[in-house]
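Welcome, and thanks for taking a look at this one with me.

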Amino acid sequence: RKRVRIHHLQEMKERGEPWPMLTAYDTYTARLFEDAGIPVLLVGDSAANTVYGYESSLPITVDEMLPLVRAVTRSVTKALVVADLPFGSYQASPEQAVATAARFMKEGRAHAVKLEGGRRFAAHVEAVTAAGVPVMGHIGFTPQSEHNLGGYRVQGRGASGDGLIADALALQDAGAFAVVMEMVPSEVAKQITHDLRIPTVGIGAGPDCDAQVLVWQDMAGLRTGRVPRFVKQYADLAGALTTAARTFADDVRQRSFPAAEHTFH
Ligand code: KIV
Ligand code: NA
């Protein structure tokens, strides 16, 4: 199979074929997900939570993101790798956005970048695209603006749905190749998906988007405790790893590991 290109994602939209996207932050997951047929991998700034243990996505830096991006791009041969621009690394100006995107392309070897924001970031998207870097937009609930949006809540209900449609169109006009829609009513997501020529990628945006994305640790049940409503857990990795670690610990304490077959003479 050939490398996934942006025109392939566009063609899937035109054929009405939904495509999956997962986050990845390291070599094993990148390779496993690529082999499982995931065409697009996102090195999300959700790494703030899932890798670094911060309480939100705000603290993660470009210097913390870049090694993860490099690990993922080094590990795949086909998947399209999108790198999230972290909070504070692009908002100041279109020039700052271009400079940061260039670092992700040069040092991270990413194939595209993603940034959060609608109409107010159209100029940033346009500048990055003009510099030769494909941009994925991200609207609706945008975690980097958590404190401005009043916490984790659905965006675009009622009259504000029109604003969301305007945001999506502005990103398309600015040259974005796809738009993530997070926690928006499915009716609004369906309308935007219909109105846009470029693919929409839903997370908590209902079944009518052109693509769906989940954070892989949510998808595979590695995250414990309460998960958002939009998450479906396809495995219980937390349970599997806990059992494995407990069994290993018991074996060591009972001297039943290592056994003869694990031992050199
Ligand atoms: O950082 C991330 O993982 C994301 C996805 C949830 C879209 O932005
Ligand atoms: Na993100």
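1. Which residue does UniProt list for "active site"? In the unreviewed entry that residue is Glu182. Please keep in mind as you read that the model is predicted.

2. Let us stay with Glu182 for a moment. Glu182 sits in strand β6, which covers residues 178–182. Is Glu182 buried or exposed? Glu182 is buried, because 23 other C-beta atoms lie within 10 Å. Leaving out neighbours up to four places away in sequence, the contacts of Glu182 are His138, Gly140, Phe141, Thr142, Ile203, Gly204 and Ala205.

3. Next, the "binding site" records. One of them, from the unreviewed UniProt entry, names Asp45, Ser46, Asp84 and Lys114. These positions span 70 residues in sequence, yet no two of their C-alpha atoms are more than 12.3 Å apart, so they gather at one spot.

4. A further "binding site" listing in UniProt, also unreviewed, gives Asp45, Asp84 and Glu116. Here the span is 72 residues in sequence, but no two of the C-alpha atoms are more than 10.8 Å apart, so this set too gathers at one spot.

5. Asp45 lies in the loop between β2 and α3, and Ser46 is found in the loop between β2 (40–43) and α3 (47–50). Asp45 counts as buried because 30 other C-beta atoms lie within 10 Å. For Ser46 the count is 20 C-beta neighbours inside 10 Å, so Ser46 is buried as well; the cut-off is 20 or more. Beyond four places in sequence, Asp45 is in contact with Ser57, Ile60, Met65, Asp84 and Pro86, while Ser46 touches Thr23, Ser57 and Val215.

6. Now for Lys114 and Glu116. Lys114 belongs to strand β4, residues 112–114, and Glu116 lies in the loop between β4 and α6 (122–130). With 25 C-beta neighbours inside 10 Å, Lys114 is buried; Glu116 is buried with 24. Setting aside residues up to four places away in sequence, Lys114 touches Leu42, Val82, Asp84, Leu85, Met136, His138 and Val180.

7. What surrounds ligand 1? The shell consists of Thr23, Leu42, Gly44, Asp45, Ser46, Asp84, Val180, Ile203, Val213 and Val215. By type, the shell divides into five nonpolar, three polar and two charged residues.

8. Gly137 is placed in strand β5, residues 135–140, and counts as buried because 30 C-beta neighbours lie inside 10 Å. Leaving aside neighbours within four places in sequence, Gly137 is in contact with Val125, Leu171, Ala176, Val179 and Val180. Gly151, 14 residues away in sequence, is 20 Å from Gly137, C-alpha to C-alpha.

9. Asp167 and Arg119 are 48 residues apart in sequence and 4.8 Å apart in space, C-alpha to C-alpha. Asp167 lies in helix α8 and is buried, because it has 24 C-beta neighbours inside 10 Å. Its contacts beyond four places in sequence are Gly118, Arg119 and Ile139.

10. The largest nonpolar core has 73 residues, and Leu41, Val43 and Val113 have the most contacts inside it. Helix α8 (residues 160–174) supplies the largest share of this core, five residues. Val43 touches Ala24, Tyr25, Met65, Leu68, Val69, Val72, Val81, Ala83 and Asp84, not counting residues up to four places away in sequence.

11. Finally, the overall layout. The domain assignment gives domain 1 (6–234) and domain 2 (237–265). Taken over C-alpha atoms, the centres of domain 1 and domain 2 are 39 Å apart.

Key: Residues are numbered from 1 along each chain as its sequence is written. Chains are lettered from A and ligands numbered from 1 in the order in which they are written. This is a predicted model: local features need pLDDT of at least 70, side-chain atom pairs count only at pLDDT 80 or more; totals for chains, interfaces and linings use all residues. Domain bounds come from an automatic or database domain assignment. A residue is near a molecule or strand if its C-beta atom, placed from the backbone, lies within 6 Å of it. Ala, Val, Leu, Ile, Met, Phe, Trp, Tyr, Cys and Pro count as nonpolar, Asp, Glu, Lys and Arg as charged, and the others, Gly among them, as polar. Helices (H or I, at least four residues) and strands (E, at least two) are DSSP runs, numbered from the N terminus. A residue is buried if 20 or more other C-beta atoms lie within 10 Å of its own, exposed if 12 or fewer, and partly exposed in between; C-beta atoms are placed from the backbone. Two residues are in contact if their C-beta atoms, placed from the backbone, lie within 7 Å. UniProt positions are given in the numbering used here, feature names are shortened, and annotations may be inferred rather than shown by experiment. A nonpolar core is a set of buried Ala, Val, Leu, Ile, Met, Phe, Trp, Tyr and Cys residues joined through C-beta atoms within 7 Å.
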